[in-house]
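Trainee: Could you walk me through reading a few features of a model, one at a time?
Mentor: Gladly; let us bring it up and begin with a side chain.

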Amino acid sequence: MFRAPLNLFRTLAIAEAISWTLLILGLILRASADLSIAVTIGGGIHGFVFLAYGATAVLVAKNQRWGAGPAVIAIASAVVPYATIPTELWLHRSGRLEGPWRLEPTGDPRDAAWHDRLMRWFLRRPWTLAILLAAAVIAVFVILLIVGPPGGWD
C-alpha cells in the first residue's frame with residue numbers, strides 16, 4: 001500500500017484533514033448540544049493523527065531530501081485546518097513526492113551519513129519502522145494526554 005513516499009504522505013495528509021473535520025464537529029456539538037465528550041473524542045483522534053502526520057512528513061522529507069523550507073511547510077500545514085491537502089498537492093506537483101523509498105545507497109555523498117544508513121536499514125524493514133514510529137507517536141500522545149489539553153483543564 002505504501003510502496004512509495006507519495007502514497008504514505010497522501011494518506012496521512014487526507015487523514016489529517018478528516019481529523020480536523022472530527023475536531024470541528026466535536027466543537028460544534030459541544031457548543032450546540034452541550035456534548036463535551038465530542039471534543040474529547042474528536043480532539044483525541046485529531047491529536048493522534050496530527051502526530052502521525054508530523055512523523056510521516058519528517059520521514060518523507062528525509063527520504064526525498066527536501067530542504068528545510070518544504071519540510072517546515074509540510075509539518076506546519078497540519079496546524080491550519082485542511083492545509084495538508086493543498087500542501088500535498090503542491091509537493092506532488094513540484095516533484096517533491098516522486099520516486100521510490102531510498103532503500104539502497106547511491107553515488108550521492110549524503111548517502112554515507114549514519115542517519116541515511118539507519119533510515120535505509122529501517123526502510124528495508126517496513127514493519128519494524130511502522131512499529132517504531134507507532135510506538136513513538138503513542139508515547140508522545142500519552143505524554144501530551146498526561147500534560148493536559150491545550151488551554152488547560154476546565
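Trainee: Which side chain does the side chain of R102 make a polar contact with?
Mentor: A polar contact is a pair of N or O atoms within 3.5 Å; within protein, one must be able to donate a hydrogen and the other to accept it, and residues adjacent in sequence count only if both atoms are side-chain atoms. Here the side chain of R102 pairs with that of D116, at 3.0 Å. A polar atom of the R102 side chain also lies 2.6 Å from the backbone oxygen of N63. Keep in mind that this is a predicted model, where local features need pLDDT of at least 70, side-chain atom pairs count only at pLDDT 80 or more, and totals for chains, interfaces and linings use all residues. Residues are numbered from 1 along each chain as its sequence is written, and side-chain values use heavy atoms, with hydrogens and water left out.

Trainee: Where is R102 found, and is R102 buried or exposed?
Mentor: Buried means under 20% relative accessible area, exposed over 50%, and partly exposed in between (1.4 Å probe, protein chains only). R102 sits in the loop between α4 and α5 (114-123), and R102 counts as buried because its relative accessibility is 11%. Helices are DSSP runs of H or I, at least four residues, numbered from the N terminus; strands are runs of E, at least two.

Trainee: And which residues is R102 in contact with, leaving aside neighbours within four places in sequence?
Mentor: Contact means heavy atoms within 4.5 Å. On that basis R102 is in contact with K62, N63, R65, D111, D116, M119, R120 and L123.

Trainee: How do I read a helix? Which residues of α4 are buried?
Mentor: The general idea first: an α-helix has 3.6 residues a turn, so residues three or four places apart point the same way. In α4 (residues 84-93), the buried ones are T84, T87, E88 and L91. They lie on the same side of α4, because their arc around the axis is only 100°. That arc is taken over the directions from the helix axis to the C-beta atoms. Their cover includes α1 (5-33), α2 (36-64) and α3 (68-76). Just after α4, look at G95, with a positive phi of about 85°.

Trainee: Which residues of α3 are buried?
Mentor: In α3 they are P70, A71 and A74. These too cover an arc of only 100° around the axis, so they share a side of α3. A68 and V72, on the other side of α3, are exposed. The cover over the buried residues of α3 includes α1, α2 and α4.

Trainee: Could we try single residues in other helices?
Mentor: Take A52 in helix α2, which is buried, with a relative accessible area of 18%. Not counting residues up to four places away in sequence, A52 touches L12 and V137. Now go to I146 in helix α6 (residues 126-147); I146 is exposed, at 66%.

Trainee: How many helices and strands does the protein chain have?
Mentor: Six helices and zero strands. Of its 154 residues, 35% count as buried. The C-alpha atoms fill a box of roughly 60 × 30 × 25 Å along the principal axes. Among contacts with a separation of 6 or more, residues 24 or more positions apart account for 61%.
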